[in-house]
Amino acid sequence: MSGYMPVDAPIFIAGHRGLVGSAIGRELRRLGYTNLLTRSRAELDLLHADSVADFFLKERPKFVVLAAAKVGGILANNSYPADFIRQNLAIQSNIIEASYANGVDRLLFLGSSCIYPKMAPQPMPESCLLTGPLEPTNRPYALAKIAGIEMCWSFNRQYGTRYLAAMPTNLYGPNDNFDLNTSHVLPALMRKTAKAIAEGAPEVEVWGSGTPKRELLYSDDLAEACVYLLNLSQEKYSTLLRDDVPPLINIGTGEDVTIRELAETVARVLGFKGVLRFDPSRPDGTPRKLMDVSLIHALGWQHRVALEEGIKRTWEAVQSEIGN
């Protein structure tokens, strides 16, 4: 492995058991990195500033991937808005502050495409941040993530740190959340479809009209992009850390599908032969969320895994877990 990060550098992956963190851990191990720092929630509660400070003081990570977050779909965001903003603000504030105090070289903060305005231009460039109202269904989460971007930018400007915020599009893959009450659209569709197959049900209910469009990125592709960014040369990395704009970069495919097309792809991959029933009384969310990925493409990275192939890989990895 050649790049900016030495293979024996201590790298802290906050949220290593989640969809994003586990994929980044797999990618780093695949590339030969040998000093990955991970802690379970029982071992390190990221909501407690003193615990985080003690961990950084003891372990002295040189690189940090901030993938820990409280996440969920429309239902979870609507049901627990205070939890979403309080917990995400605490986690990212504690880790960014400890990173600065202990001389972390590069920190990569993972956000979400929901930071952009509900009616943002499509595809959404990084420059459309804070140019319009947010989607109400996940506003507390989005505001927390926007605050994280602002923290990275502020620390860079005031203290000379080198923190970068990466905004992935909708993600999916192994270790996703398949709980129907808290999951995002694709894992929810996979869980519902698997349940219908197991029970011999004639139909699968899909929330909303089916017309909104979503861009989806396989988690292993995101992991590759994250490690690619952390390994950029100083010259290329520095182009992302300007004083006049936030240190922000989109990660996505630049392609999207309707929810109807997504549900049909899931049905095809899992082998469901019944009917998809759309419920327009349920919220649709943002009409479209397509990322402008020209910046990361210009740096030399593009996704590899097509949507149907990614759904197949995910299904192979999790069917014993969600097929009942």
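Reply: Trp-207 lies in strand β7 (residues 203-207), where strands are DSSP runs of E with at least two residues, helices are runs of H or I with at least four, and both are numbered from the N terminus. This is a predicted model, in which local features need pLDDT of at least 70 and side-chain atom pairs count only at pLDDT 80 or more, while totals for chains, interfaces and linings use all residues. Residues are numbered from 1 along each chain as its sequence is written, and side-chain values use heavy atoms, with hydrogens and water left out.

In an unreviewed entry, UniProt places the feature "binding site" at Lys-192, Trp-207, Arg-214 and Asp-284; such positions are given in the numbering used here, feature names are shortened, and annotations may be inferred rather than shown by experiment. Trp-207 counts as partly exposed because its relative accessibility is 27%, given that buried means under 20% relative accessible area, exposed over 50%, and partly exposed in between, with a 1.4 Å probe and protein chains only. Apart from neighbours within four places in sequence, Trp-207 is in contact (heavy atoms within 4.5 Å) with Leu-75, Lys-192, Asp-279, Arg-282 and Pro-283. Lys-192 sits in helix α6 (residues 185-199), and, with the neighbours within four places in sequence again set aside, the contacts of Lys-192 are Leu-180, Val-204, Glu-205 and Trp-207.

Arg-214 belongs to strand β8 (residues 213-214). When residues up to four places away in sequence are not counted, Arg-214 touches Asp-284, another of the annotated positions, together with Asn-170, Asp-256, Val-257, Ile-259, Gly-285, Thr-286, Pro-287, Arg-288 and Lys-289. Arg-214 is buried yet has no salt bridge, and the nearest side chain of opposite charge, that of Glu-135, is 6.8 Å away. A salt bridge here requires a side-chain nitrogen of Lys or Arg within 4 Å of a carboxyl oxygen of Asp or Glu; for charge, Lys and Arg count as positive and Asp and Glu as negative, with His and the chain ends not counted.

The strand that holds Arg-214 is part of an open sheet of three strands, in the order β11-β8-β13 and with mixed pairing, where two strands pair if DSSP finds at least two bridges between them. β11 (257-258) and β13 (288-289) each have a single partner strand, so one side of each is left without a neighbour in the sheet. β8 and β11 pair in the antiparallel sense over two bridges, and the bridge partner of Arg-214 in β11 is Val-257.

There is also an open sheet of six strands, with parallel pairing and the order β2-β1-β3-β4-β5-β10; its edge strands, β2 (36-37) and β10 (248-251), each pair on one side only. Helix α5 (residues 139-159) packs on this sheet, touching β4, β5 (163-168) and β10, and its direction makes about 160° with that of β4, where axes are lines fitted to C-alpha atoms, for helices over the stretch in contact, and angles run from 0 to 180 degrees between N-to-C directions. Within this sheet, strand β3 (residues 63-66) is covered on both faces, with Phe-63 and Val-65 buried on one side and Val-64 and Leu-66 buried on the other. β3 pairs in the parallel sense over four bridges with strand β4 (residues 106-110), where Val-64 stands opposite Leu-107.
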